Amino acid sequence: MNPIPDLARRLESLLRFGTIAQVDHAHARCTVTTGGITTEWLPWLALRAGRTRCWNPPTAGEQCAVLAPSGELAGGLVLVGLFSDGGPAPSSNPDETLTVFPDGATLRYNHATHAMTIDGIASLVVNASDSITLRAGSQVVLDAPQTTSTGQHTIEGLLIYLAGLVGEGGGAGSVITGPLTQSDGPLTSNGIAFGAHRHPESIGDITGVPQ
């Protein structure tokens with residue numbers, strides 16, 4: 001038996017380029033079309049698959065390579081992440097790390113400007129069993145038509161509001177401990193100025209202004 005043809009076939013199959021044909025998400029396997037043939041179901045290379053595990057399955061039509069150490073495609077491993085005409089690089093900026101998702105959302109970090117940007121998402125949920133800390137050297141801006149907090153707030157610095165203050169006291173009412181100061185105009189309630197109103201005396205006269 002001439003071993004040369006079999007050896008040549010095995011050498012040719014050590015590394016073959018192709019495209020993803022089908023993906024079995026339940027079993028983390030895919031098939032690859034390469035050189036006019038379609039492989040059996042093969043595993044693809046993930047970033048991590050131990051105590052830390054990553055899930056980012058390939059998609060049909062994505063360019064890939066099949067690595068078969070023995071030269072047998074049935075025992076091969078699919079290497080994904082090869083740019084192609086159908087899936088070109090999403091950026092040419094050497095200072096940028098960018099992930100583009102199928103719906104158009106992007107996660108972008110520029111290590112030259114130190115700026116991270118998330119665009120195109122509909123919602124963002126962060127669940128923490130203990131605490132979340134947002135710390136900024138300059139400011140934190142919440143830019144939304146409505147911001148709702150469901151718990152108690154403790155403000156350690158100065159509270160400044162620009163468009164009025166509306167609220168309800170609830171069962172305990174509103175309690176202010178310490179001086180209450182109005183620096184620009186009178187402090188009023190129901191149209192009556194606290195610092196200028198007067199009360200009737202028991203004999204029918206009106207008291208003087210507060211001192």
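Colleague: Is Trp44 buried or exposed, and what is the reason for the term?

Modeller: This is a predicted model. Trp44 has a relative accessible area of 12%; buried means under 20%, so Trp44 is called buried.

Colleague: What makes Trp44 and Trp55 an aromatic pair, and why is the pair called tilted?

Modeller: The ring centres of Trp44 and Trp55 are 5.8 Å apart, and the cut-off for a pair is 6.5 Å. Their planes are at 50°; stacked requires under 30 degrees and edge-to-face over 60, so the pair is tilted. The structure holds one aromatic pair.

Colleague: Where in the chain are the two residues of the pair?

Modeller: Trp44 and Trp55 are both in the loop between strand S4 (42-43) and strand S5 (63-67), 11 residues apart.

Colleague: How do you know whether Trp55 is buried or exposed?

Modeller: Trp55 has a relative accessible area of 52%. The term exposed applies over 50%, and therefore Trp55 is exposed.

Colleague: Which residues make up the largest nonpolar core?

Modeller: That core has 11 residues in all, among them Trp44, Leu42, Val66 and Leu73. Strand S1 (15-24), strand S2 (29-34) and S5 each supply at least two of its residues. Beyond its neighbours within four places in sequence, Leu42 is in contact with residues including Cys30, Val66, Leu73 and Val78.

Colleague: Why is Leu142 called exposed?

Modeller: The relative accessible area of Leu142 is 65%, and exposed means over 50%, so the term applies. Leu142 also belongs to a nonpolar surface patch of about 1,200 Å², together with residues including Val140 and Leu134.

Definitions and conventions:
Residues numbered from 1 in each chain as written. Predicted model: local features only at pLDDT ≥ 70, side-chain atom pairs only at ≥ 80, totals over all residues. Heavy atoms only, no water. Patch = residues over 30% accessible without salt bridge, like charges linked within 9 Å, V, L, I, M, F, W, Y side chains within 5 Å. Areas by Shrake-Rupley, 256 points an atom, 1.4 Å probe, with all protein chains shown as cover. Salt bridge = Lys/Arg side-chain N within 4 Å of Asp/Glu carboxyl O. Buried < 20%, exposed > 50% of the residue type's maximum accessible area, 1.4 Å probe, protein only. Phe/Tyr/Trp six-rings, centres within 6.5 Å; stacked < 30°, edge-to-face > 60°. Helix = DSSP H or I, 4+ residues; strand = E, 2+ residues; numbered from the N terminus. Core = buried A, V, L, I, M, F, W, Y, C linked by side-chain atoms within 4.5 Å. Contact = heavy atoms within 4.5 Å.
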